[in-house]
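Here's a quick tour of one protein, going from the overall fold down to a couple of its helices. Have the 3D view open as you read.

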Amino acid sequence: MPRTALRICPLCEATCGLVLTVDGTTVTAARGDRDDVFSRGFVCPKGASFGAADADPDRLRSPLVRKGGELREAGWEEAFDAVAAGVRPVVERYGPHAVGVVLGNPNVHTMAGALYPPVLLGALGTRSLFTASTVDQMPKHVSSGLLFGDANAIPVPDLDRTDHLLLIGANPLESNGSLCTAPDFPGRLKALRARGGTLTVIDPRRTRTAKLADRHVAIRPGTDALLLAATAQVLFEEGLVDLGALAPHVEGVTELGRALRDFTPESVAAACEVDAEVTRALARELAAAPTAAVYGRIGSCTVPHGTLASWLVDVLNVLTGNLDRPGGALFPQAATDRTPRPAGPGRGFALGRWRSRVSGHPEAKGELPLSALAEEIDTVTDEGEPVRALLTVAANPVLSAPDGDRLDKALASLDFMVSVDPYLNETSRHAHVVLPPPPPSQSPHHDFAFNTLAVRNQVRYTRPAVPLEPGRMAETEILARLTLAVTGGHGTDPAAVDAAVVERTLGAAVRDPHSPVHGRDPGELAARLTGENGPERRLDLMLRLGPYGDGFGARPDGLTLQRLLAHPHGIDLGPLRPRLPQPLKTRSGKVELLPGPIAADLPRLRRAMAERPAGRPVLVGRRHLRSNNSWMHNVPALTGGSNRCTLQLHPDDADRLGLRDGQPVRVEGAGGAVTAPAEVTDTVRPGVVSLPHGWGHDRPGTRLTHAATDPGVNVNQLLDGSLLDPLSGNAVLNGVPVKLTPLTGTKL
């Protein structure tokens, strides 16, 4: 008899609540949960296809271990024996930095991915950490760290109360939002328009979001920081700067005005290809709006001045008095955040505490650029050992990092490689051991990361909708065992990992005079934790010690796991509210508006004012509503239609090249060449071409049956990995010149 079960969707950052229909152990349907306190019934095509993604027949069901050069099914004990035997000798002979760790985007979509990689990295002690952040949002982390002293203190636009929203490099009608967790982002934008608000979109493509806007500015790709700097300059020039209640919490306003003096709308107009009066209008409209918020995303991050662009987004919010006020951009407060500490100076944020071995890239937020992974494996220098063993967790850098061909070869040269992945994909096919987590229906879910970016404070948790199948292992246990296997604890009960975290956390809490459990007995507190397993006990611990928690009885009406379980559709914790100065961890205890590293990078931006188009088209990426990076091309329900790997170009450019719609076109960049069918459309501006990210499923040795029938091409192969934003190490993926050559023959 079919039954229903609740599940938070893990397939994008919107975190919508779902109602699953389950027949036996199979999810047969999914719809939006109308009673969910956050998503209120909204669902996108990905969520509606939850069952198809969950039941994908290509998902691995058992571990794979390489024997005689081939990956073969094995038992769990054999797999972890092989992990320990393969990784520990590398650590013991060459040191922990010879073991690289790659964390992919799906880690932030699972409980296991949030709870265990920090423990793994702390125990292993490697500095060779690479994540999807440096092909995505690292500029925002760096700019937030420099401005606010905390790389994870990212203000989000108050979508439901703002009067004026300016989006740059963002297309939430396709992405569902990113670094801004907002179920039904499209509906929230339409509500903004309906209440008389204004939507402005800056994007070289006339995206679905841009079509909804009051004003669309078709900027030349890669010049985002110049346009934002000029907008800020107008605020200073025309006396429109008004910090309001922010003033006591900000330093560096006068110095910033001097630093931006040269970035006039007229001086950047030719580089941005935006008329000076349009830029002045952007500034005046921001300043005049009762409330306003500026929001930038991946299009403004993956450019040569990504950190400066991310910094200027918040500079504009500060200069107009819209940071940390309702209707502006505010700091969310998640239920599992640490106990709030009194406001005051902090340690600040440091860049470049160590550097990569080959090219000397500075670390950012403890990470090295993913673009440098291949050279860290295949290049020998006098500066230490190369990466000889690699752990990848939910990562496919062969497709997501620049120059996948070089990385593909580098992975084949490793002494040992472990992949935690449900698929044998373009990266995991190189592994000596593959450890497959179960499908999402068999896993619990709580959004640790995305609730820190949510447009409304709330908390939700769902237990597995379907029992764990015989022969499968929970992802939490997989990562706990992996931690033990690579750090010398192989054979230890994996529950010891959670127990150690609980003991360490409570030990620190009882010593902290600002903690609600200061001075209490940690053993007595640990005994009061509830939950069916270690991960649930850790969630209970974080809820109790968090900003809304019960403090282990100190606040009887506060949050606990048991209270959360009693509210299966979640608990609404209210709209975002002003929090300054508490989130600030800078050394001054204030928003440091012109940090030293930013000021030192402004001359590079100033030189960009003189740059002009080189006569070659420039490349930008794009997202599809029915996919998420390289994840979902193996689900038939989520491919086809508009979700295709085509090269979009403007009709004028097509006419100049003699290209017809559907005709094959060779695209060449510094890292290589790909061939894709032309899609002639006026939604891209002249001189700009667009290929989507995440395709290229044509390598041998994978088990992605459906994806291989329409593999598309890997856009990142056009890049050689040498173009990085110097402050963050983020790859430059947008605004890159390419060469187009029409090919004869039938349509692709």
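Helices here are DSSP runs of H or I with at least four residues, numbered from the N terminus. Keep in mind that this is a predicted model.

Let's start with helix H6, which covers residues 138-148. How many of its residues are buried? The count is 11 of 11, with Met138, Pro139 and Lys140 among them. The cover over those buried residues includes helix H14 (298-301), helix H15 (306-319), strand E20 (591-592) and helix H24 (596-608). Glycine 149 follows H6, and its phi is positive, near 85°.

Now for helix H10, residues 224-237. From first C-alpha to last, H10 reaches 20 Å, close to the 20 Å expected for its 14 residues at 1.5 Å a residue. H10 is mostly covered too, and its buried residues include Leu226, Leu227 and Leu228. Just past its end, glycine 239 has a positive phi of about 65°.

Side by side:

Zooming out, the protein has 26 helices and 27 strands. Its radius of gyration is 25 Å, close to the 27 Å the globule rule gives for 748 residues, so the protein is as compact as a globular protein of that length. The C-alpha trace spans about 65 × 65 × 60 Å along its principal axes, and 62% of the 748 residues count as buried.

As for charge, there are 79 positive and 82 negative side chains, and the centres of the two sets sit 1 Å apart.

Conventions: Residues are numbered from 1 along each chain as its sequence is written. This is a predicted model: local features need pLDDT of at least 70, side-chain atom pairs count only at pLDDT 80 or more; totals for chains, interfaces and linings use all residues. Side-chain values use heavy atoms; hydrogens and water are left out. Helices (H or I, at least four residues) and strands (E, at least two) are DSSP runs, numbered from the N terminus. The expected span of a helix is 1.5 Å times one less than its number of residues. Buried means under 20% relative accessible area, exposed over 50%, partly exposed in between (1.4 Å probe, protein chains only). Contact means heavy atoms within 4.5 Å. The radius of gyration is taken over C-alpha atoms; the globule rule is 2.2 Å times the number of residues to the power 0.38. Lys and Arg count as positive and Asp and Glu as negative; His and the chain ends are not counted. The place of a charge is taken as NZ of Lys, CZ of Arg, CG of Asp or CD of Glu.
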